[in-house]
Amino acid sequence: MKDMIKQYGNYFQLDTSNTTYSFRVTQTKHLEHLYYGEKIKIDSEDEADFLYEKHEFAAGNTVLYNNDNVNLTLEDERLEFSSYGKGDIREPFVIVTGEDGLFTSDFLFKEAKITKGKEKFKTLPGSYDMAEGVDHLEVILLDDNAKIELQLHYFVYEDTDVITRSAKIVNRNEDKSICVERLMSTQLDLDADDYVLTTFNGAWAREMEKHEFKVTAGKHVNSSYTGTSSSRANPFIMLSKENTTEDFGEVYAFNLIYSGNHYEAVECASNHKLRVVTGINPTNFMFKIAAGEVFEAPEAVMTYSAKGFNEMSHNMHEFVREHITRGKYKYANRPILINSWEASYFDFNESKLLKLAKAAKDVGIELFVLDDGWFGKRDNDKCSLGDWFENTQKLPNGLEGLANKINALGLDFGLWVEPEMVNVDSELYRIHPEWCVSHPDKPHSEGRNQRILDLSNDEVVSYIIEAMTKVFSSANIKYVKWDMNRIFSDYYSNALAQRGVFAQKELSHRYVMGLYKIMEELTRRFPDILFEGCSAGGNRFDLGILSYFPQIWASDDTDAIYRVGAQNNYSYGYPQSCYTAHVSACPNHQTLRETPLDTRFNVAAFASFGYECNLCDMSKEELDEIKEQIEIYKKYRQVFLYGDFYRYDRKNTDNLYQWIVVSKDKTTAVGMILQKLVNANTTFNMFKLKGLENDRKYLFTNRVIKQNIKNFGDLINTQSPIHIKNKSFLQHLVSKFVSMPGETEVYLSSGSAFMKGGVKLTQAYGATGYNDKVRYFQDFSSKMYFIEEKIIEEN
């Protein structure tokens, strides 16, 4: 077993397969960050001397650390962590206030320990390693004056080129409490400022929009104050050189294993050095630690690639799959599902559900999911959240009776729940109004007609665990969609009120810790249920949720043209097995956009996949196409879910997308090209493959789809012996029997040829003619390609 962490005197080096991270203890006992980048070889402390910063005289208008070190100002030092009060005025890593009100900290090196293995966090989820055991470096620092210990923990995941960090504060006082006002999870100080920050921001139904900022001065903050990791600002960020592409250039990436208010700040200081910090959002945050107690920060994740965004993504993808997701469905086939929501919303009964389930079984779907509306008096979103008993008017035989009938059709049964919420119009609220996050004597700002249950209250945590245990045990439930449809307002816990006025600043973090208790216990009790996280779509899409639930509903927006961009952007930090995507009806329920059924499938297939539409209202032609789609997905399911995912550089435009996903053994790949809007007389497209083996032979084919004559409007009259009026009954009738041919792409060559030369696709329609050698590639069109190894026998 290789040692990935080395200590040479005061020098520490953490190596992965392709990267090195290093720092040292200075003569003042601070931690100086030295290097994070491509792997380097250093075998002694003397060999690292060139990495140290040299200071003879401190700059004017700076604060000296002490009078014994007149050359040292912490403001001009790259540090492993930082605090206020001793000269560093940049973004701090830690702020701790004592009973005397002083928030100056001076944590100095005490000792370091290098071990194998990783203990579970006591209050939070974290990464794990089931193989040889992760290498662990613990650095202990002490503020001797305040009697406070700061622990920095580093974990090295060699094969994924990922290093994780976390921190703990230990109150070593015998009789004094302290208040943690800020404790970040990681800090990275770089010695240059020529970086581009990439964040992923948005809103409900518009998650994961990619934004880039060149950071040359000042501070840029990406943060959440919604009580969740937030659709407004995902905690995953990237820092890259300006010329970095998908396959070339330097990029750092950061994420946080946390589901609450988070904070990522990138600051360019006056000395042109760059600092990155990530952790819990310090806004209105405070946590009181009594004598002898410990506070632990979430675990932060970071990786580096010198080969562009795709390699960085592969690092993150492998790390999430191997060291975050766990349980039965870690690498299992995820079932193809039909969700009842967009088919019926709240308006359903058992008969309607069974009719939809029968149609789903006929096309090859494997799992039927009953969404909102099955419990209490839930006929709209204004009542009954918290009342987790069946609505027998809709389900006279209860969940068990419905599940048994669904199972008899040959389908598994799944269910939607929203356990963290309560409606004022509910039996639960009438019994326990004090269980809400709301002030008892002041008006509350509602969200989606509901309130949030106070998960900082152990009684509430126990209630949810037992209520959900009863629900999940009531029928043969194989899947649970766990929703959370609002953000926080009026932060106030009745349970924390007795702890003093500042205890309310603990609520947001205590809520998240309570949520993790619930999720850990329920996934332990029900290991065979596939849990899917959801929070009004992607409002809580983070590694904390993925530590318990292996997949998350990426967005309530099912529109394929929105989804192609969202899934593209999720893929930078998250593997495709972790986000779910459904084929829905058109006009789309969120955008009223019309997109081809094959495009809806082509986008959704590159994810954990299902349908969300009323199959009972579809034509035979549509159902036949869906049946073919499901056959394709089943054939390539493992590749779609767990293959290596590649994006293509798009030359500063979001009009054209290309994806390819390649099996781990390099025998099979599936690709897609999608165009949002057509440009006249633009007939050339090249599909350049990635991830194949150079010397193997591969057969490249496409999915051939015949085109409906309605797509060509009046142009059909140039070939028709009779005149067919556009949008007429005759056109509709003819389209039942006559279709236009689809192009065929069949090529055999080596992996190196395909990757270097690219496949020049058949000509796209350009207004001068159409036949079986012309590609129909108009607005919202997409094409799917299959690449499979072909064994050529030599004579």
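## An exposed residue in a loop

Leu592 is exposed, with a relative accessible area of 67%, where exposed stands for over 50%, buried for under 20% and partly exposed for the range in between, using a 1.4 Å probe and protein chains only. This residue lies in the loop between β29 and α10, and its phi is near 60°, a positive value in a residue other than glycine. Most residues other than glycine have a negative phi, and most peptide bonds are trans.

The loop between β29 and α10 also holds Pro587, and the peptide bond that leads from Cys586 to Pro587 is cis, with omega near 0°.

## Basis of the description

This is a predicted model, in which local features need pLDDT of at least 70 and side-chain atom pairs count only at pLDDT 80 or more, while totals for chains, interfaces and linings use all residues. Residues are numbered from 1 along each chain as its sequence is written, and side-chain values use heavy atoms, with hydrogens and water left out.

## A buried strand

Strand β29 covers residues 579-584, and because six of its six residues are buried, this strand is largely enclosed by the rest of the structure. Strands (E, at least two residues) and helices (H or I, at least four residues) are DSSP runs, numbered from the N terminus.

In a regular strand the side chains alternate between the two faces of the sheet.

## Neighbours of the strand

β29 pairs in the parallel sense with strand β28 (residues 551-553) over two bridges, pairing being counted when DSSP finds at least two bridges between two strands. Within this pair, Trp553 has Thr580 of β29 as its bridge partner. From β28 the chain crosses through helix α9 (residues 560-570) to β29, and this β-α-β crossover is right-handed, meaning that, with the strands pointing away from the viewer, the path from the first strand over the helix to the second runs clockwise.

β29 also pairs in the parallel sense with strand β30 (residues 608-612), over five bridges, and here the bridge partner of Ala581 is Phe609 in β30. Together with helix α10 (residues 597-604), β29 and β30 make a right-handed β-α-β unit.

Lys29 is found in the loop between β3 (19-25) and β4 (31-38), and although Lys29 is not a glycine, it has a positive phi of about 75°. Its relative accessibility is 45%, so Lys29 counts as partly exposed.
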